[in-house]
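Open the model in a viewer and keep the selection panel at hand. The stops below are given in the order in which to select them.

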Amino acid sequence: MPGGQHRDLKEIVVVGAGVAGTRAAETLRQEGYDGALTVVGAERHAPYHRPPLSKKFLTGKVHRAGVDLAPQFDMEARVLRGASALSLDMSSRTIHVRDDDEELAVPFDGLVIASGAVPREWPGGPVPDGVLMLRTVEDCLAIRDRLSSRPRVVVVGGGFIGAEVAASCRSTGLDVVLVEKAGSPLLSALGEELASRWAELHREHGVDLRVGVGVDGFLGNGRVEGVRLTDGSRVPADLVIVGLGVTPATAWLDGSGLRVDDGVMCNACGVAEGSTADVPVVAAGDVARWWHPLYERHLRTEHWDDAGRQGAAAARTLLAGPRGAEAYDDVPYFWSDQYDVKLQMLGVPTDYDSVEIVEGGPDSWEFVAAYGRGGRTIAVLGTIPGRVYAYREAIEKRAEFPPSRPD
């Protein structure tokens with residue numbers, strides 16, 4: 001069989017039907033696995049693209065069918081939709097699954113964990129009608145329904161989802177207030193020097209940006225009428241979209257013996273810590289923290305591109321076995337569209353100690369900036385579409401900082 005397979009796997013289960021789980025299942029078949037394949041998916045939909053949910057699908061530029069993940073080919077898998085994994089028993093090699101109202105014990109001899117992440121709930125308990133989160137297609141359709149009545153929108157949380165939702169709503173002409181506890185939106189992802197540029201971008205486009213302030217509670221009797229901020233001010237609102245980040249979906253792994261610490265801890269090949277040769281388990285996507293050889297740390301990236309590539313790599317590891325598996329050392333990549341600016345990041349700027357614009361001007365929206373640590377280049381951010389890719393080698397080889405401009 002291709003892929004150097006030496007394992008006699010007959011029953012592989014993939015938990016999760018997002019991009020990581022879908023790419024894992026497809027890769028198993030492409031690499032010649034011909035045993036039983038079960039995919040457990042929490043949503044009732046066929047797999048779909050999540051990135052447009054905060055962008056073009058939210059504004060109605062893309063229709064429902066336009067976000068479906070086109071199947072590469074018929075995978076011949078038993079797919080349980082609207083099903084959730086309840087627990088994992090490594091000793092009997094079974095996963096307990098709730099499928100509609102019945103509980104099933106699904107046996108496996110190889111497992112891919114791709115259960116993704118769940119949005120953080122509003123910590124203050126129940127919320128009035130009109131306070132919504134955005135993670136799924138249903139969430140997006142519910143928000144879209146309300147946008148047609150031209151509501152006053154408050155977005156809570158200035159991470160990528162919050163910033164993109166604010167940009168999408170503002171670009172359709174709605175009044176938008178964006179509330180972020182930190183000193184700037186996107187601060188943890190981009191760092192102070194560059195995040196401030198996106199703060200300016202939102203303000204230039206008419207977003208009422210409130211930073212360094214949190215939400216104390218919601219106003220309105222049954223239906224949201226406003227938001228009370230921690231500085232005592234009140235902001236009127238007909239629709240509140242909460243984006244407080246996500247938590248890896250690992251509760252079902254409690255007591256399994258796998259090591260979980262803000263995600264399933266994995267080696268550089270995607271093998272879950274705590275799995276054994278006779279109970280092979282790999283993990284990928286938002287739920288997984290892989291050791292990254294380049295950054296010499298565990299990373300959990302929460303990005304679409306990484307999730308798909310990790311899913312494929314995890315599947316190859318499962319088939320190859322621990323000795324034949326290859327380390328996955330692709331440089332992480334993500335993008336974000338806000339207004340007419342496309343942000344692209346190659347690499348991970350965590351713990352950077354210097355940042356410099358290496359192409360374009362500090363005042364233009366066409367620039368490339370590099371992040372350095374200890375005199376080496378660790379990440380590159382660009383707003384010139386596709387330009388960050390030219391710096392891949394500089395990041396992979398830990399080139400001296402600042403990197404010289406590639407031809």
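Start by selecting Trp-290, Trp-291, His-292, Leu-299, Thr-301, Asp-306, Arg-309, Gln-310, Tyr-328, Asp-330, Val-331 and Pro-332, which line the largest cavity of this predicted model. Two elements, β20 (288–292) and α7 (304–324), each give two or more residues to that lining. Sorted by class, the lining consists of six nonpolar, three polar and three charged residues. The volume of the largest cavity is about 90 Å³, and the structure holds one cavity of 30 Å³ or more.

Next, select residues 333–404. An unreviewed UniProt entry lists this span as "domain: Reductase C-terminal". It is 7% helix and 44% strand, and its end C-alpha atoms lie 20 Å apart.

Stay with the end of the chain and show Pro-402, in the segment after α8 (392–396). The peptide bond leading from Phe-401 to Pro-402 is cis, its omega being near -5°. Most peptide bonds are trans, and most residues other than glycine have a negative phi.

Two arginines are the next backbone stops. Arg-93, in the loop between β4 (83–89) and β5 (94–99), has a positive phi of about 50°. Arg-93 counts as partly exposed because its relative accessibility is 32%, between the limits of 20% and 50%. Arg-150, in the loop between α3 (137–147) and β10 (153–156), has a positive phi of about 55°. With a relative accessible area of 47%, Arg-150 is also partly exposed.

Now go to the largest nonpolar core, which has 59 residues; Val-153, Leu-190, Trp-198 and Leu-381 touch the most other members. Helix α4 (residues 160–171) is the main contributor to this core, giving six residues. Centre on Leu-190: beyond four places in sequence, Leu-190 touches Phe-160, Ala-195, Trp-198, Leu-343, Met-345, Tyr-352, Tyr-371 and Leu-381.

Finish at Val-224, in the loop between β13 (215–219) and β14 (226–229). Is Val-224 buried or exposed? Val-224 counts as buried because its relative accessibility is 3%, under the 20% limit. Show its contacts beyond four places in sequence: Pro-128, Asp-129, Gly-130, Val-131, Phe-218, Leu-219, Ala-237, Asp-238, Leu-239 and Val-240.

How values were computed: Residues are numbered from 1 along each chain as its sequence is written. This is a predicted model: local features need pLDDT of at least 70, side-chain atom pairs count only at pLDDT 80 or more; totals for chains, interfaces and linings use all residues. Side-chain values use heavy atoms; hydrogens and water are left out. A nonpolar core is a set of buried Ala, Val, Leu, Ile, Met, Phe, Trp, Tyr and Cys residues joined through side-chain atoms within 4.5 Å. Buried means under 20% relative accessible area, exposed over 50%, partly exposed in between (1.4 Å probe, protein chains only). Helices (H or I, at least four residues) and strands (E, at least two) are DSSP runs, numbered from the N terminus. Contact means heavy atoms within 4.5 Å. On a 1 Å grid over the protein atoms alone, a cavity is a set of points where a 1.4 Å probe fits but cannot get out, and a pocket is an open set with protein on both sides within 12 Å along at least five of seven lines; lining residues have an atom within 4 Å of a point. Grid points are joined across faces, edges and corners, and a volume is the space filled by probe spheres set on the points. Ala, Val, Leu, Ile, Met, Phe, Trp, Tyr, Cys and Pro count as nonpolar, Asp, Glu, Lys and Arg as charged, and the others, Gly among them, as polar. UniProt positions are given in the numbering used here, feature names are shortened, and annotations may be inferred rather than shown by experiment.
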